[in-house]
Amino acid sequence: MDRDLVERAQRGDQAAFVDLVRSRGDRLFAIAYRILRDVDRAEDALQDALVIAWRDLPDLRDPDRFDAWAHRLLTNVCIADAGRERRRIANLHVLPLDDAAAPDDLLTLADRDQLDRGFRRLNADERAILVLRHYVGYEPTEIAELLGLPAGTIRSRLHHAHRAMRAALDADARTAVVGGTSA
Amino acid sequence: MSERSDIDRVLRHWMDDGPSTMPDRIVDVVADRISVHPQRRSWRLLRRLPMNPRIKLAAGVAAAVVLAVAGYYLLPRDGGVGVQPTPSPTWSPRAVGEGVLTAGRYRFRPSSADPNLAVTAEVPAGWNGHPDRVVTGPGDDDPVAIAVAFLLADGLHSDPCRWDRLGNGQRGQLGNLVVGPTAIDLVNALRANPAYTSTEPNPVTLGTHPGFALEVRLPDDLNLEACDGSILGGTHYYQIFSGPDANPLFQGDGNRMDLVILDVEGTRVIAMIRFSDDTPAADLDAARGIVESVEVVP
């Protein structure tokens, strides 16, 4: 059924493509958010990736590979967006939102804060690789195929990213809270 | 458990959190965009098409003619630019990114629970973005920098210095003043609180949404060190409003806040300009321009 949708969209059927967007959008949005850690930017990246997908869909050789192909397009858009991100120290006068989630038996709020900070310090490629590995569940060889990089490079970047995230978790939480004076 | 499996488990668990539902509007925006974006012809398929030598020759001649004609029209004339770039259409307001913004209409997200609720506003060049709901004026390293924020509040703290009712330092806690759901309910509660002064509310309309505008001013002599703050130390501040989306900004002594409180189809949305007596008039004018340009998409 999905193959039929993809094939119709490849022939220019806009309604079929919109149906694909509806059926795949949640998953794609979730991936974009996890790479970019920002709802608005994830939304913009997803919109751009879907328009690129529409434009390039006739070149997709195997309609059954639509999901992996869409993941690749989206990941590339997110990496490009993250690369443009202006890195700066968070403004001390603006408070990040509290996580209102219920208490967590595995991760404390401080852990999550540290993970978030550690993740944002990674480069865009490493962020994308972590999300593809731990959220989407791709094996390193699949990520390599997706991103067009050697599998050894993916493993090396995964190793580095894991080490950085572990270090972030181990960091003293007291050094990471919002500081400065109020205004 | 090995170190590797441990970090694997932690990351999987951490990444399970977060939004996983695409906002509905994306479908509409993408449908609009693809309706004017032609699909690329498949070169994969074109390469398979047989071409006899006569067609190849005709195609070559045609390509040369096209290039010659295009080149003629693309040549600069009178020292000018040959082709004026066509501006890209603006499909939707831009997300508020982090850092210095260019002038344009930006989209803010006042609600962490409802990604469909959006506020858009025109922001001048040089202001600084802080995703997803705050912009600060040029030169925001100044502790009295002006800021514009969009927020939701479900109530108030009667003593804004003592907002940490749970003792865990987390913002977003429930306030101890129960406030009704409308804009005027919140206006009345602000007006009744002696912890700060507030002006008479004026009825306003932003976009199509009715509301009230008033100014709230905090005392100049607050002892913030005695106030609640992060339990890990270092930061003490006021919290006037309560609720998970109520306090994206610190509040402290001498702060003045221009508030526009709107009723948006059952949701109360607050536009806040935080400034002080030292804020340059030009920055305040710019901030008011941002708020006056607000449109709310419920």
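**B:Ala213 stands opposite B:Val260 in strand β14 of chain B.** The model is predicted: local features need pLDDT of at least 70 and side-chain atom pairs count only at pLDDT 80 or more, while totals for chains, interfaces and linings use all residues. Residues are numbered from 1 along each chain as its sequence is written, and chains are lettered from A and ligands numbered from 1 in the order in which they are written. Strand β14 covers residues 256–264 of chain B, runs antiparallel to β12(B) and is joined to β12(B) by seven bridges. Strands are DSSP runs of E with at least two residues, helices are runs of H or I with at least four, and both are numbered from the N terminus. Two strands are called paired if DSSP finds at least two bridges between them.

**Strand β11 (residues 202–206) of chain B pairs with β12(B) in a hairpin.** The pairing is antiparallel and extends over five bridges. One of the residues involved is B:Pro203, whose bridge partner in β12(B) is B:Phe212. The hairpin has two residues between its strands, and B:Gly207 takes a positive phi near 65° there.

**Strand β10 (residues 197–198) of chain B pairs with strand β12 (residues 209–217) of chain B.** Two bridges hold this antiparallel pair, and B:Thr197 stands opposite B:Arg217 of β12(B). B:Ser198 also belongs to strand β10 of chain B. B:Ser198 has 16 other C-beta atoms within 10 Å and is therefore partly exposed. The C-beta atoms are placed from the backbone; 20 or more others within 10 Å make a residue buried, 12 or fewer exposed, and a count in between partly exposed. Beyond the neighbours within four places in sequence, the contacts of B:Ser198 are B:Leu190, B:Arg191, B:Leu214, B:Glu215 and B:Val216. A contact requires C-beta atoms, placed from the backbone, to lie within 7 Å.

**Helices α2 (residues 14–36) and α6 (residues 124–136) of chain A pack with their axes 9 Å apart.** The angle between α2(A) and α6(A) is about 135°, so the two helices are oblique to each other. Axes are lines fitted to C-alpha atoms, for helices over the stretch in contact, and angles run from 0 to 180 degrees between N-to-C directions. Under 35 degrees counts as roughly parallel, over 145 as roughly antiparallel, 65 to 115 as roughly perpendicular, and the rest as oblique. The crossing of α2(A) past α6(A) is right-handed. From α2(A), the contact takes A:Ile31, A:Arg34 and A:Ile35; from α6(A), it takes A:Arg127, A:Ala128, A:Val131, A:Tyr135 and A:Val136. By class, these residues are six nonpolar, no polar and two charged. Nonpolar means Ala, Val, Leu, Ile, Met, Phe, Trp, Tyr, Cys and Pro, charged means Asp, Glu, Lys and Arg, and polar means the others, Gly among them. The buried residues of α6(A) include A:Arg127, A:Arg133 and A:His134. Just after α6(A), A:Gly137 has a positive phi of about 95°.

**Helices α5 (residues 109–121) and α8 (residues 151–170) of chain A cross at roughly 145°.** Their axes come within 8 Å, and α5(A) passes α8(A) in a right-handed crossing. A crossing is right-handed if the near helix is turned clockwise from the far one by less than a right angle, and left-handed if anticlockwise. Among the contact residues are A:Asp111, A:Leu115 and A:Phe119 of α5(A), with A:Ala164, A:Met165 and A:Leu169 of α8(A). The contact of α5(A) with α8(A) has seven nonpolar, two polar and three charged residues.

**A:Arg37 and B:Glu265 each have a positive phi although neither is a glycine.** The phi of A:Arg37 is about 60°, and A:Arg37 lies in the loop between α2 and α3 (39–56) of chain A. A:Arg37 has 16 C-beta neighbours inside 10 Å and therefore counts as partly exposed. For B:Glu265, phi is about 45°; the residue is found in the loop between β14 and β15 (267–275) of chain B. B:Glu265 is exposed because 10 other C-beta atoms lie within 10 Å.

**A cis peptide bond joins B:Pro131 and B:Asp132.** Omega for this bond is about 0°. B:Asp132 lies in the loop between β5 (128–130) and β6 (134–136) of chain B.

**B:Arg171 lies in the loop between β8 (155–156) and β9 (177–178) of chain B.** B:Arg171 is buried because 23 other C-beta atoms lie within 10 Å. B:Gly229 is 58 residues from B:Arg171 along the chain, and their C-alpha atoms are separated by 8.7 Å.

How values were computed. Contact = placed C-beta atoms within 7 Å.
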